[in-house]
Each structure stands twice: as C-alpha cells, then as structure tokens.
Amino acid sequence: MDLLSIKDPSFLKGLSNKELEDLSQDIRNFLIEKLSVTGGHIGPNLGVVELTIALHKCFESPKDKFLWDVGHQSYVHKILTGRACEFDTLRQYKGLCGFPKRIESEHDVWETGHSSTSLSAAMGMVIARDLKKEDSHIVPIIGDGALTGGMALEALNHIGHEQKNMIVILNDNEMSIAPNVGALHNVLGKLRTAGKYQWVKDELELLLKKIPAVGGKLASTAERVKDSLKYLLVSGMFFEEMGFTYLGPIDGHNFEELFETLSYAKKTEGPVLLHVITKKGKGYSPAEKDTVGTWHGTGPYKIDTGDFVKPINPPPAWSKLVSETVRKLARKDSRIVAITPAMPVGSKLEGFASEFPDRMFDVGIAEQHATTVAAGLATQNMKPFLAIYSTFLQRAYDQVVHDICRQNLNVFIGIDRAGLVGADGETHQGVFDIAFMRHVPNLVMMMPKDENEGQHMVNTALAYDDGPIAMRFPRGNGIGVPMDETLIKIPIGTWEVLKEGDDAAILTFGTTIPMAMDAAAQLERQGYSIKVVNARFIKPLDKKMLTEILGLNMPILTIEEAILQGGFGSAVLEFAHENGFHQAAIERMGIPDEYIEHGSVKELLEEIGLTSEMAVQKLAKLARKKQKRA
C-alpha cells in the first residue's frame, strides 16, 4: 500500500484482516527504512503496529481520544493519520516530532515525552466528557514499564474509585527502555501465563447464577466461591481489586483477538483494562533479539546488518566516563552504590552492575523513589551515586529539596544529558536543572569543561562529606583530551582561568567553553583582551575570583547552555548586587524563556543566538563601554 497517500484512518474500516496484515508489513518495512536514516524509537513502534491499526479501525479518532504514554511509540499512529510523507524529516530541525504533538494533528490529543502521565490526563478528559455530556471513548495506551511510575498508580487508584467509562490499554512487552524490574512486573508475568481470565470469569458467574437465591448467606457464600476460584485461576488479580474490569491477556499481533476484545471493552461499563502482549522490535531481527534496550531508540543503522552508523574511534561517551569512574572508585570504597530509574543502558551502568551486582539498583521508572532511596542510603553512611537524566530529575524535585538537601545528606547526583539534547526535543532538553536546583540550600553544583576534568569531579563528588553534590554533564562524547592516570580532588567552589585578559571577562562552564574561547580569539584579532574563566562550580560561586573581576570594573559576559531565568548568570547578577557592585556591566547569554524544539544542537544554538558570533558582538560592546568610561 502507498503509505504516503494516507490522509486519515477512515480507510481502515473497509479492509479485511488479510489486507490489514499486509498493511502491517508495509508499515514495518517503511519504519525500518526511514529510521535507518534518521534514527528514532524503532523498537517500541515495531511492537505496536497491529495494536495501533486495530485501535484506529475500532474507534473514531479524533472524536475518540488516544493518549500514548511516553509517546515514543506513536510513529504508526502518525502514519495512519496522514503524516507518512513527513518521515524523512523525523526528529530533525523544523521536521516531524518524535513524540505526539498537538499542533501537528488533531489526532494528537496529548503531548508526552515523560512516562506515566497518560492515565491522569485521560481521567481529566473523561471527567470533562461526562460534565459536557459528550459521547466518546477515552483510550490511554500505557506500557508495563510506565505502569511502575508512581503517578500511574495514583491514577489507577482514582480511576478505579470513580468508576467512569475508560478503556486502558496495557501494552505489555516486558520492557521499558531496559528490561522491566519490580514486583508489579512479576504480577504481570503471572497474568501473561494465566490465560484469558475474563472469559473464564464470565463462565464462573454464569454457573453461580444457577445457584438458587435462598437468602443472603448462600449469596455471600457464592460470591466467596467466585472470588476463591478467581484467585485460584489467576494469581494476583491486582487490577480487578483496583476496580477495573480486566480483559486479557491477548496477543497484540492478532487482529481477530484485538477486534473481539476491543468490541467487548467498548460495551463494558466502568473502567476496563485490556492487557495486550506485544513483542518490542517485532519484524526486524536485530531489534527483536535485543534484551538490554539497545534498540529502544537509535541513531542511523545499516538495515542488512543492524550495525549502527557511528564515528570511528570517538572520544569516550560522557555517560560511560562518569559511570566507569564511579566503578573504579567503588573498587576501593565498598560504600559506593549506584541507583538508576530504569536507565542502566543510557547511563552506561552495565559495567558497574556486572562487577557489583549487589550494589547496583535499577528501581524502574520511579524517579521520586530513586531519589529518596539514595537519601536513605546516605543516612546509613553509604555513598550513593544517583544516575539520572536532567529532564527526568525534574520529576524528583521535591525529593531533592525535602529528602536530600534539607537533611544535608551525602548523595552524588549525576545529572546526565544536561543542556540541549537535540532530536528528542522539548520534553528532553536538559535546560532547567540549574534554575530549579541552584536555590536549594546545602547543594553543590558543578560541570566540567572536558572529560579529564569530569573524572576528577566524580572523584571530588564521591570524596565530599559535607552534603549533597551534583555534577552536570552533556549528552554525547567528550572532546578527546588526554586523561590523567591519577585522580585528584578539585577544591569546592574554585574556578579556573583559561585565558587572561583585562577588557572583559567571560564566565562559562561545560559545553560553552569552546564557544567562549573562540569568541575571545576573534576579539583578540580585533585588539581586545578577553579573560575566559571556567566557572566550573555553579554553586557555590568562586567569590574570591568574582570579587577580583568586579573590583577591576571588568565587564562580564556569562554564557550557559541552560535557561537564563534563575540560572548561573542570575547568580552572578545577585552576587554583584549583594556585594555593592551596583554599576557592574553584566550581560548574559543562555536559553531564552521558551521551550526548545527538536533539531541538531548546532541548529538549535544558532536559532536562539547562543553562538560565538553573538558573544563577540556582546563582548565588543561591553569592552568599548569600558574604554569610554576609562
């Protein structure tokens, strides 16, 4: 079938099961081909082809509303709603978003990127539907991995209590990004092997109705028999006890089963949970065989071999540098423990886990829990390393404030993917962590200029005994500097002068240091002398050096790959004001007050003006003002 000709899902209504199977194969071939060039979330999407087709055939989108939890499995939905012609631009600058996007299509009714939000949003839509007396189906699709998120469990509790009509699709592939962990995963495992529970339950109820109703005692006995048989047949009927009608488990790649069960679900009053078993990566051998999460989301790859297209002999990945330094130090300190909320692969903790299996804890998609587990460990004189992406740390803000920093506990937070991350877009850009953490008492926050300084910062963090300490580091690879053999401790709150100068000073850190050095070199050729400072400690500031710079009446330009409001530049402005430097000339560069969409990091930096050329303009203006004052 020509997928590029699809305008909306209505064409599915007239297709036979055989035609739908052919369409499924066409979609898989299309995704495998397109994503081999652009990269993207191939594993999740190959796993939901038949499920997505069945949903669009059985329901009437956008009147009926699909909410894709996390959203990385929405590519098939996008194809069926007329966006196949845009897939050459997937996750590229100004192109098709890799997640649901409301401005893209009326069929995208809920935007996602973080897990475990769909059930709460669906409940809001259900309440609105009923208050407005509308007639529609609300259908959140949530994975078994996302179901471990605390917010999802809160929503299940509320939905089960309210007993409003909703059909929850549990897409069970035994994976989130990495293999799932936890007791709830084990409950689902029992359900997978139990057979179709709902049909058995219906037969039991039909049998029990034949018992004569001769008083409350016999009726209550019959009900107890039914419950006992239910637990005999299916161990751990968690969802029924939560107030849902549980259907399944069914084969998520079998159209007959999907249509039969969805039809049943539509007729059922109250909340329904349909348990669908799917195979992540189905139809592409390398993705099907993946057992660790490598094919969850990828860059470009070779279709015939499954080999990823990568640079030859690149510098070490930041995530691996950090995790391997932690691993190295853990060999000498048995108190060091690693914690991750379902990101052992992304955080490159496989090596740590293999060497120290009893000191590595993947808690599943549960960032709040992970953060407070780290706090609990720290109260017992352990040295927890919490490996977490910047965008996911947002979800644990209260735990950072209340459980770690308030108690001044020695937790090392490794803030991965700090700064712009590119193709995953606005839900994943790690630009808010400085602003939402800098103001928290007791916390030290730092970011290295390169991977060599990075390994020394890890050593500094795990040797620090005076409270919580966080290190930001970017996505991708280092810059290829020589690595010291011996690790050192960097004095807390000290900056480093990278280039001397007296006309103006650039204060920056991390990924924007090359930008600052380039701007200083350009201005050097124009006759200006620019000081460049590696302001590696975002909190505390190097008060001594900053006082010296301000005391010389030197104009300052701060640069940060983070949101400006409440960021590092704001800290410098606050310091100047609080210490009497009211006439100080201070300019700031950073992420503006807006969400940054997807594209390459270079394209995004150019769009927002976070470039060496803009730094040159600002610095030249500042330097000229100083010369006039002099």
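**Entry 1: contact of α3 with α4**

I looked up which residues bring helix α3 against helix α4, taking contact as heavy atoms within 4.5 Å. Val 49, Thr 52, Ile 53 and His 56 in α3 meet Val 76, His 77, Leu 80 and Thr 81 in α4. By class, this contact holds four nonpolar, four polar and no charged residues (nonpolar: Ala, Val, Leu, Ile, Met, Phe, Trp, Tyr, Cys and Pro; charged: Asp, Glu, Lys and Arg; polar: the others, Gly among them).

The model is predicted: local features need pLDDT of at least 70, side-chain atom pairs count only at pLDDT 80 or more, and totals for chains, interfaces and linings use all residues. Residues are numbered from 1 along each chain as its sequence is written, and side-chain values use heavy atoms, with hydrogens and water left out.

**Entry 2: geometry of the helix pair**

I noted that α3 (residues 49-58) and α4 (residues 75-83) pack at about 40 degrees, with their axes 9 Å apart. Axes are lines fitted to C-alpha atoms, for helices over the stretch in contact, and angles run from 0 to 180 degrees between N-to-C directions. Helices (H or I, at least four residues) and strands (E, at least two) are DSSP runs, numbered from the N terminus. The two helices are therefore oblique to each other (under 35 degrees is roughly parallel, over 145 roughly antiparallel, 65 to 115 roughly perpendicular, the rest oblique).

**Entry 3: the open sheet**

I then traced an open sheet of five strands, ordered β12-β14-β13-β16-β17, with mixed pairing; strands pair if DSSP finds at least two bridges between them. Its edge strands are β12 (496-499) and β17 (586-591). Three bridges join β13 (residues 504-508) to β16 (residues 556-563), and these strands run parallel. I found Ile 506 opposite Leu 557 in β16.
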